[in-house]
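Please keep the sequence and coordinates at hand while reading.

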Amino acid sequence: MAMFAYSPRPIRSVLVANRGEIAVRVLQTCKHLGLRGLAVYSDADAEAPHVRLADAAARIGAAPARDSYLSIPAIIAAAKQLEADAIHPGYGFLSENAAFARACEEAGLIFVGPSPKAVAAMGSKIEAKRIAEAAGVPTVPGYHGDAQDVATLLAAAKQIGFPVLIKASAGGGGRGMRLVEREAEFASALEAARNEAQAAFGDASVLLEKYIRNPRHLEVQLIGDRRGNLLHLFERDCSVQRNNQKILEEAPAPNLPDIARQRLFAAALKLGQAIGYDSAGTVEFIMEAGDEQPYFLEMNTRLQVEHPVTEAITGIDLVEWQLLAAAGEALPLSQEQIRVHGHAIEARLTAERPDLGFQSVTGRIAHIAGPPALRFDNGVADGSEVGLYYDSMLAKLIAHGRTRESALDKLEGGLRRLGLLGLPSNQLFLRDAIRQPLFAEGHATTRFIAQSYPDGWKPDAAELRLLRAAALAAWASPAAHRPQQGPNGWTNPWLRRDPLRVTAAARPVLVTALLEDEYGSAEMELHQGRAGAEVVIDGERVALGVVDAGDDWLSFTPQGTPERLICRREDGKLLMARQGLAIQAKIVLKSEAPRAQEAETANGNRITAPLHGLVAQIYVKVGDRVEAGMAVAQMEAMKLVHTLSAPQAGVVASIRHAAGDIVPAGVTLIEIDLAVEEETR
C-alpha cells in the first residue's frame with residue numbers, strides 16, 4: 001500500500017463495480033497489495049462470495065442489472081459512502097462505458113482503466129474501424145458508415161459480396177450479430193440484428209463485414225501507463241466459441257506463423273499509440289486459418305475474461321499493473337524484459353446445457369470445489385443461486401505447463417476432479433472438447449463446435465450409464481434411508497424404508513427402480529451380493545464392484561479401480577457427479593411408481609419457454625393466423641435474446657403470459673389451434 005499511498009494519484013481503497021468471479025479476482029489483488037477492497041451488490045447478490053471477501057460493501061439496487069450494476073448514480077453514491085479512492089469496473093456492465101469513466105473523474109474518483117477519450121474512441125465498432133484504418137491497421141473488408149437505411153446497407157452488402165456478417169456497433173458477446181448467406185435473407189436478418197442490438201445495448205446501429213469462412217480469433221494484450229509507455233504482453237487464441245462467446249482460450253496461440261505473430265503485435269501497438277492508450281486493453285483480430293494476415297476486429301478497453309492465461313505465461317498480475325497505471329506510476333518492466341514462459345489454457349465453466357444447444361440454466365449450487373494445484377477463479381459457492389439476471393459464467397479453470405501438451409493434460413485432469421453439483425454445466429463438454437483432434441492438435445477455428453460435433457454434443461452413453469448406476473447404489477444404500485433416531489438412539493422399525501432387504505446371505509438382493517434425470521429416464525435393476533453390486537440399465541450390465549456409502553458419499557470399484565463420489569440429496573432428488581458429468585436423479589421403486597400416467601398431448605401446438613427468463617415481447621394476439629416458423633415471441637435471459645417461433649401453422653388460441661412476465665423453463669406461453677387451420681383447408 002505504501003507505493004500507492006504516495007503515488008502521483010494516491011490510492012488507498014478500491015471499489016469494484018462488478019460481481020462474480022471478476023469482483024473476487026480484483027479484490028484478491030487489492031488484499032495482496034494492502035489496499036482496502038470494497039464491493040457493491042444487488043439484492044440477488046447480498047450473500048455472494050465477493051461481498052463476503054470485501055472489507056466493506058454497499059447495496060446498489062434491485063436484481064436487474066439496469067437497477068444496480070448498470071446504475072452509474074448508484075455506484076458513484078456507493079463509492080462516496082464507502083470512502084473509495086478508485087473504482088475498478090471489472091469487465092462487462094459499465095467497464096466500457098465512457099460516461100461512467102467521466103462520471104468517476106467528475107466525482108473525484110480514479111477510474112481504474114483507460115481515459116474516457118480512449119473508451120469512447122473504441123466504444124463504437126464503426127469509429128474503431130475508422131481509427132484503425134487511419135493508423136494503418138488492416139481491417140476486414142466491410143461497411144461502417146453513418147447511413148443505416150436498408151437500401152444503403154443492402155447495396156454495401158452486395159458490394160462486399162455475400163456471405164456478410166451484420167454486427168451491432170455498440171456491443172459484443174454475439175448479441176446483435178447475424179450471418180447472411182444470400183441477398184434474399186438480408187432484410188429479415190437486419191431487422192432481427194437491430195432489434196437484438198437495441199434490446200441489449202440501447203443502440204440499433206450496425207456494421208457489415210465480409211464473412212471469413214474458417215476464422216481464427218486472435219487477440220493481443222496491451223498495457224499502457226500515463227507516462228507514455230505502451231507494451232504488448234503477447235497474444236491469445238480464443239477461437240473456440242459457442243453462440244459467438246468464448247469458452248476455451250490459450251496463450252500463446254498454437255501453430256501461428258511468426259510473421260503473423262509479429263503483424264499482430266505491430267498492429268495492436270499502432271492502434272494503442274493512435275489513441276494514447278494508458279491501461280490494460282485487448283485488441284482483437286480475425287484471420288483465415290492457414291493465412292498469415294490478421295485483420296482488426298475490435299478493441300476491448302478493459303480487462304478480458306481470459307486475462308489469466310496471459311498472467312500465467314508472463315508472471316504479471318494485470319490487475320496490479322492496472323492499479324499502478326491508474327495511480328500514475330510507471331510500468332515496472334520494459335518490453336525486452338517480458339518473456340513467454342510455457343503455455344496456458346483456460347476453460348470457462350458455465351451454467352448451461354451443451355446437449356441442448358448450450359441453453360442457459362438457472363438453479364442453486366449444492367456443492368462446488370476447484371481441483372488442487374490449478375488456478376480456479378470462482379465467483380460462486382455452496383448455496384449460491386444462479387438466476388436469470390446475469391450471464392451464465394460461474395468460474396474459470398486455468399492450467400499452465402512447460403508445453404502445450406502438459407497444459408492440456410493438467411486441464412483435463414482438473415476438469416475430471418472439479419466438483420460441481422446442483423445445476424447442469426458445460427464441465428463434461430469442456431473435458432471432451434479439449435481432446436477433440438482439432439483442438440488437441442492446435443488447429444481449432446471459430447467453427448470448432450460445428451466441425452467437431454456436426455450432430456450436436458451428447459454425453460458419452462457408457463459414462464452416463466455408470467453414473468446412473470452409482471446414483472442408484474447411493475440411493476438404495478441404508479445410509480440414504482436411515483430414519484431419525486429417537487431418545488437413547490432408539491429407531492422405530494416401522495419408519496424404516498430401506499429398499500434393500502437381506503433375507504438370505506447367499507442370495508443377491510434385487511431392487512428394480514425407475515430413474516429420471518436431465519438426460520432422460522431409465523429402468524434399472526440393482527443386484528447386490530457378497531461379490532459386489534451390478535446394475536442392469538436398459539439391458540446393459542454395469543459392474544460397480546464393492547460398494548460402500550455414507551450420507552453424502554459413495555465409494556465403489558468399477559473395473560477394480562476404487563472411486564469415491566460426493567452426492568447430495570435435495571428436493572427429493574439425488575445429486576451426483578463423476579469426472580465432469582453431473583446428474584440430478586429422481587429415483588423411485590418401480591413398485592411404487594404410478595401404474596398409469598396421463599400422456600401429454602403431443603400435437604406440437606404449444607410454444608414453451610426454452611429457459612427461465614423474461615418474456616420480452618409477444619408479437620401475436622388471440623385469433624391471429626400464424627405460419628410455421630413465424631416469430632411469435634421473444635425472451636431474454638442471461639444477456640441473451642431468444643426468438644420463439646410457431647412450430648406449425650394455425651390460429652393463436654391462447655396467450656398464457658404477457659411481456660414483462662418472468663417465467664420458468666418449460667412453461668407454456670402460447671397455444672396454437674391446429675384444428676382451425678385444418679378446417680380451412
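Which residue just after helix 11 takes a positive phi? Gly315 does, with a phi of about 75°.

## Basis of the description

The model is predicted: local features need pLDDT of at least 70, side-chain atom pairs count only at pLDDT 80 or more, and totals for chains, interfaces and linings use all residues. Residues are numbered from 1 along each chain as its sequence is written, and side-chain values use heavy atoms, with hydrogens and water left out.

Helices (H or I, at least four residues) and strands (E, at least two) are DSSP runs, numbered from the N terminus.

## Helix 11

Helix 11 covers residues 307–314, and seven of its eight residues are buried, so it is largely enclosed by the rest of the structure. Buried denotes under 20% relative accessible area, exposed over 50%, and partly exposed the range in between (1.4 Å probe, protein chains only). The buried residues of helix 11 are His307, Pro308, Val309, Thr310, Glu311, Ile313 and Thr314.

Two packed helices are described by the angle between their axes and the distance between the axes. Axes are lines fitted to C-alpha atoms, for helices over the stretch in contact, and angles run from 0 to 180 degrees between N-to-C directions. Angles under 35 degrees count as roughly parallel, over 145 as roughly antiparallel, 65 to 115 as roughly perpendicular and the rest as oblique.

Helix 4 (residues 72–81) packs against helix 5 at about 30°, with the axes 11 Å apart; helix 4 is therefore roughly parallel to helix 5. Ile72, Ile75 and Ile76 of helix 4 meet Ala99, Phe100, Ala103 and Cys104 of helix 5, where contact means heavy atoms within 4.5 Å. By class, this contact has seven nonpolar, no polar and no charged residues. Ala, Val, Leu, Ile, Met, Phe, Trp, Tyr, Cys and Pro count as nonpolar, Asp, Glu, Lys and Arg as charged, and the others, Gly among them, as polar.

Helix 5 (residues 98–106) also packs against helix 6 (residues 116–123), at an angle of about 170° and with the axes 8 Å apart. These two helices are therefore roughly antiparallel. Ala98, Ala101, Arg102 and Glu105 of helix 5 meet Pro116, Val119 and Ala120 of helix 6, a contact of five nonpolar, no polar and two charged residues.

## Packing of helices 2 and 12

Helix 2 (residues 20–33) and helix 12 (residues 318–326) pack at about 70°, with their axes 9 Å apart, which makes them roughly perpendicular. The crossing of helix 2 and helix 12 is right-handed. Arg25, Val26, Thr29 and Leu33 in helix 2 meet Leu318, Val319, Glu320 and Leu323 in helix 12; these residues divide into five nonpolar, one polar and two charged.

## Nonpolar cores

A nonpolar core is a set of buried Ala, Val, Leu, Ile, Met, Phe, Trp, Tyr and Cys residues joined through side-chain atoms within 4.5 Å. The largest core has 72 residues, of which Phe429, Phe439, Trp475, Leu544 and Met576 touch the most other members. Helix 17 (residues 461–476) contributes the largest share of this core, eleven residues. A second, separate core of 62 residues includes Ile22, Leu303, Ile316 and Ala326.

## Thr668

Thr668 lies in strand 40 (residues 668–673). At 10% relative accessibility, Thr668 counts as buried. Leaving out residues up to four places away in sequence, Thr668 touches Arg606, Ile607, Thr608, Arg656 and His657.

Key
Left-handed = near helix turned anticlockwise from the far one by under 90°.
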